[in-house]
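Visitor: I am new to this structure and would like to learn how to read it. Please show it to me.

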Amino acid sequence: MFVLLPLIWVTSRPAQIVLATLLIIIDIMRIDLIFLLVRGRIHEYRQRRQERIKGLQAWGFKGWHRMPDVNGGGAVPVVNIEHATKRLGAFFVIVLGEMVIRVEYTAAKGEMGVSHEFGKAALGLMVAWALNYLYMLPSEPSAEYEHALRRSWLTGVLFNFFHWPLSASLVLASAACGKMVANDEVEVGVRWYWGCGVGFAMLFIALLDLTHNDLAPGEARIPRSIRAVLCLAAALSLILFSFGTEHMPSTGILAITVGVTWFTLAVSIYGQLPKPGGVTTQEREQLNRRREEAERRSVEVVEPVGGSGQERERERQGLI
């Protein structure tokens with residue numbers, strides 16, 4: 001928060017925008033973690049040099065995603081991953097709620113019920129619902145993944161950072177959504193706000209999904225990489241779509257956006273499902289646990305009846 005104090009002495013509007021953007025990036029990127037990372041790597045490098053380890057191994061490139069130990073104090077602040085994830089998700093819902101509020105309109109006398117403006121509001125609401133579902137897809141019960149905050153320090157920093165441009169994109173789309181619902185013909189800037197807002201929102205949702213670690217590769221109907229490429233292609237199409245909307249009414253723009261977002265959502269949901277007849281990681285672990293328990297029980301049952309090998313040998317010698 002304190003890094004934004006230099007804005008008090010800046011009077012130029014372009015300089016304020018550039019400086020505010022840079023300072024927000026610095027604030028979100030967790031400079032403290034990067035500082036501790038560099039400090040820890042230097043400490044490990046010196047230890048390896050003392051142990052006469054040379055080459056790339058001296059720099060510790062193996063395990064680069066791990067936060068190294070810091071000599072002389074200094075530790076990474078403890079983060080409750082579940083709590084942090086819920087907070088970020090709640091903030092995303094709040095920002096997305098701006099789009100839901102923007103689609104509200106006041107019906108004129110005699111236009112109650114289904115109308116042209118009502119249809120555009122419904123289309124805007126469908127886009128917001130699809131974006132919310134795309135954001136929540138990695139946390140579905142059928143998804144077997146390791147969260148970015150738990151995976152490594154780098155994916156954790158990226159997961160936090162990507163929420164900032166994601167929220168900014170949704171704010172742009174929300175600002176344009178209200179004008180598109182209220183008017184059939186909108187300005188060029190409004191079209192670009194809408195296309196780039198929704199497009200970049202889908203782009204960063206795809207990047208957020210890629211920060212997680214897939215624990216069951218090859219078990220989904222559509223590989224995760226292909227689903228991510230599809231989402232990125234859909235985002236790029238919405239961004240570039242604004243070039244061809246010069247003579248298109250707002251209803252058509254909203255309808256095409258609904259088609260792109262819902263198609264991406266349908267493919268993502270279908271592709272995330274396990275393959276027919278396949279065994280998920282959880283089911284495989286349950287089968288292994290049941291097999292181990294069955295083997296342990298069989299050993300416990302056999303030993304009291306027959307005894308161990310030494311006891312049977314002593315009994316045989318006694319009988320002889």
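Predicted model: local features only at pLDDT ≥ 70, side-chain atom pairs only at ≥ 80, totals over all residues.

Guide: Residues are numbered from 1 along each chain as its sequence is written, and side-chain values use heavy atoms, with hydrogens and water left out.

Visitor: How many helices and strands does the protein have?

Guide: Helices (H or I, at least four residues) and strands (E, at least two) are DSSP runs, numbered from the N terminus. Here there are 12 helices and 2 strands. From the N terminus, their order is α-α-α-α-α-β-α-α-α-β-α-α-α-α.

Visitor: What share of the residues is buried?

Guide: Buried means under 20% relative accessible area, exposed over 50%, and partly exposed in between (1.4 Å probe, protein chains only). Of the 320 residues, 34% count as buried.

Visitor: Which residues touch the most other members of the largest nonpolar core?

Guide: A nonpolar core is a set of buried Ala, Val, Leu, Ile, Met, Phe, Trp, Tyr and Cys residues joined through side-chain atoms within 4.5 Å. The largest one has 49 residues, and Met99, Leu131, Leu166, Leu170, Trp194 and Met202 touch the most other members. Several helices supply at least two residues each, including α4 (81-102), α5 (116-136) and α8 (188-211). The largest share, 10 residues, is from α7.

Visitor: What is methionine 99 in contact with?

Guide: Contact means heavy atoms within 4.5 Å. Beyond its neighbours within four places in sequence, methionine 99 contacts Gly124, Val127, Ala128, Leu131, Ala173, Ser174, Cys177 and Trp194.

Visitor: At what angle do α5 and α7 pack?

Guide: Axes are lines fitted to C-alpha atoms, for helices over the stretch in contact, and angles run from 0 to 180 degrees between N-to-C directions. The angle between α5 and α7 is about 170°, and their axes are 9 Å apart. Angles under 35 degrees count as roughly parallel, over 145 as roughly antiparallel, 65 to 115 as roughly perpendicular and the rest as oblique, so α5 is roughly antiparallel to α7. Among the residues making this contact are Gly124 and Leu131 of α5 and Leu166, Leu170 and Cys177 of α7.

Visitor: Which regions does UniProt annotate as transmembrane?

Guide: UniProt positions are given in the numbering used here, feature names are shortened, and annotations may be inferred rather than shown by experiment. The unreviewed UniProt entry gives "transmembrane region" for residues 15-38, 118-137, 157-178, 190-210, 222-241 and 253-273. In the model, residues 157-178 are 100% helix, with end C-alpha atoms 33 Å apart. Residues 190-210 are also 100% helix, and their end C-alpha atoms lie 30 Å apart.
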